[in-house]
Amino acid sequence: MISICLTAENKAVLRAVSLLQTKLQMSLDPRGIPLTAFPAQQPSVSFDGKEGRIGFVSTVSFARMLTQFVKQVSKGKPFYLEETVIFDEVGISLDLSRGGVMKPEAVMEYMEYMAMMGLDYVLLYIEDIYTIPGLPYFGYMRGRYTEDELKRIDAHGAALGIEVIPMIQTASHLEHYLKWGENWKCRCSERTLLVGSEDTYTLIDQMLSTISRCFTSRRIHLGMDEAFDLNLAGYMDKNGLRDMSQVFAEHLTRVLEILAKYDRVPMVWQVAKPSKVSDPAALMNTPGADELITFVGAYSYFTEEVFLKRREPFLE
């Protein structure tokens with residue numbers, strides 16, 4: 001156990017230390033090794049044999065440098081380490097919708113390790129793994145989180161300097177909910193919502209209302225990937241066969257209109273719109289899509305050249 005006497009004016013840094021000191025096997029003690037933390041252009045950490053210094057650009061960059069300090073100072077030798085920040089943000093996605101729902105405490109502990117690595121956001125993939133008032137079968141027997149649990153996760157992330165971004169589904173991948181009779185009016189197929197049905201948009205409004213109450217991040221990932229039967233099945237029975245691009249754009253427009261009520265920034269998967277479904281230009285011209293953030297999804301490894309080519313239409 002290493003004792004450190006930390007000097008830092010940033011309250012967020014002090015709060016993060018209080019959450020991480022057990023994992024770092026360190027304690028705060030006025031008699032410990034003097035360590036000064038200060039804002040900097042690039043993260044750095046040093047030790048001259050008597051005292052240490054940490055330059056940080058964010059709370060998580062401080063946590064990363066503190067982890068290095070504890071690791072290196074135990075050797076008792078002077079050192080200096082500086083890193084160059086290349087990306088504006090670096091994070092991960094936690095898939096909590098495949099029958100292995102992590103307990104809130106496990107998610108919070110996971111984020112503590114993320115902070116120690118300098119990761120600053122986490123996408124929580126929760127298809128129907130949350131409760132919605134008035135919809136008892138939404139997430140039924142799926143290990144769903146309560147609103148209070150999601151708020152606790154969000155608050156813990158904020159204390160560590162990590163943005164917790166909800167990732168839900170507003171088009172397809174909802175087979176675990178759509179199998180119940182509670183929602184038959186908004187069902188296109190066993191896994192996909194019925195575009196154009198007011199019951200569908202009432203449901204989505206309930207989703208977004210709940211999620212907006214639970215998370216402080218302005219960003220919400222709407223999913224919308226792999227909705228390959230969006231213009232088929234129940235939709236085709238009611239409307240005949242229509243172009244997938246038009247159906248997708250109409251649905252996205254309605255969802256963005258609802259989201260605007262909650263002052264949130266929308267995100268979707270690029271694989272929500274493969275070439276046979278719709279094209280990037282049509283998506284970006286959708287009303288209300290000026291703030292739309294697209295995530296490039298890949299089912300297999302690809303080279304940097306292929307990645308840049310896939311990304312290019314969305315940068316125009």
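Predicted model: local features only at pLDDT ≥ 70, side-chain atom pairs only at ≥ 80, totals over all residues.

Colleague: Which residues have the most contacts inside the largest nonpolar core?

Modeller: Those are Leu66 and Met111, and that core has 82 residues.

Colleague: Which helices do residues 104-117 and 147-160 form, and at what angle do their axes cross?

Modeller: Residues 104-117 form helix α3 and residues 147-160 form helix α4; their axes cross at roughly 15° and come within 10 Å. The two helices are therefore roughly parallel to each other. The crossing of α3 past α4 is right-handed. On the α3 side, the contact is made by Pro104, Glu105, Val107, Met108, Met111, Glu112 and Ala115. On the α4 side, Glu149, Arg152, Ile153, His156, Gly157 and Leu160 take part.

Colleague: How do α6 and α8 lie, oblique or parallel?

Modeller: The axes of helix α6 (residues 198-214) and helix α8 (residues 244-260) cross at roughly 40°, and the two are therefore oblique to each other. Their axes come within 10 Å. Here α6 passes α8 in a right-handed crossing. Among the contacting residues are Tyr201, Ile204 and Leu208 of α6, together with His251, Arg254 and Ile258 of α8.

Colleague: Changing topic: what is the strand order in the open sheet?

Modeller: The order is β2-β1-β3-β5-β4-β6, which makes 6 strands with mixed pairing. At the edges are β2 (26-28) and β6 (79-82), each of which pairs on one side only. From one strand to the next, the twist averages 20°.

Colleague: And which helix packs on that sheet?

Modeller: Helix α2 (residues 59-73) does, touching β1, β2, β3, β4 (44-47), β5 (52-56) and β6. The direction of α2 makes about 155° with that of β5.

Colleague: How many bridges join β1 to β3?

Modeller: There are 4 bridges between strand β1 (residues 2-7) and strand β3 (residues 33-39), and the two strands run parallel. Opposite Cys5 stands Pro34 in β3.

Colleague: What about Ser44, buried or exposed?

Modeller: Ser44 is found in strand β4. Its relative accessibility is 11%, so Ser44 counts as buried, the cut-off being under 20%. Not counting residues up to four places away in sequence, Ser44 touches Arg53, Ile54, Gly55, Met65, Tyr80, Leu81 and Glu82.

Colleague: How far apart are Ser44 and Gly55?

Modeller: They are 11 residues apart in sequence, and 4.9 Å apart in space, C-alpha to C-alpha.

Colleague: One more topic. How many residues of β11 are buried?

Modeller: In strand β11 (residues 265-269), 5 of 5 residues are buried, and the strand is mostly covered. Val265, Met267 and Trp269 point one way, while Pro266 and Val268 point the other way.

Colleague: Which strands pair with β11 in the parallel sense?

Modeller: Strand β10 (residues 219-221) pairs with β11 over 3 bridges in the parallel sense. The bridge partner of Arg219 in β11 is Val265. Strand β12 (residues 293-295) also pairs with β11 in the parallel sense, over 3 bridges. Met267 stands opposite Ile293 in β12.

Note on methods
Residues numbered from 1 in each chain as written. Heavy atoms only, no water. Core = buried A, V, L, I, M, F, W, Y, C linked by side-chain atoms within 4.5 Å. Buried < 20%, exposed > 50% of the residue type's maximum accessible area, 1.4 Å probe, protein only. Pairing = 2+ DSSP bridges. Axes fitted to C-alpha atoms, helices over the stretch in contact; angles between N-to-C directions. Contact = heavy atoms within 4.5 Å. Parallel < 35°, antiparallel > 145°, perpendicular 65-115°, else oblique. Left-handed = near helix turned anticlockwise from the far one by under 90°.
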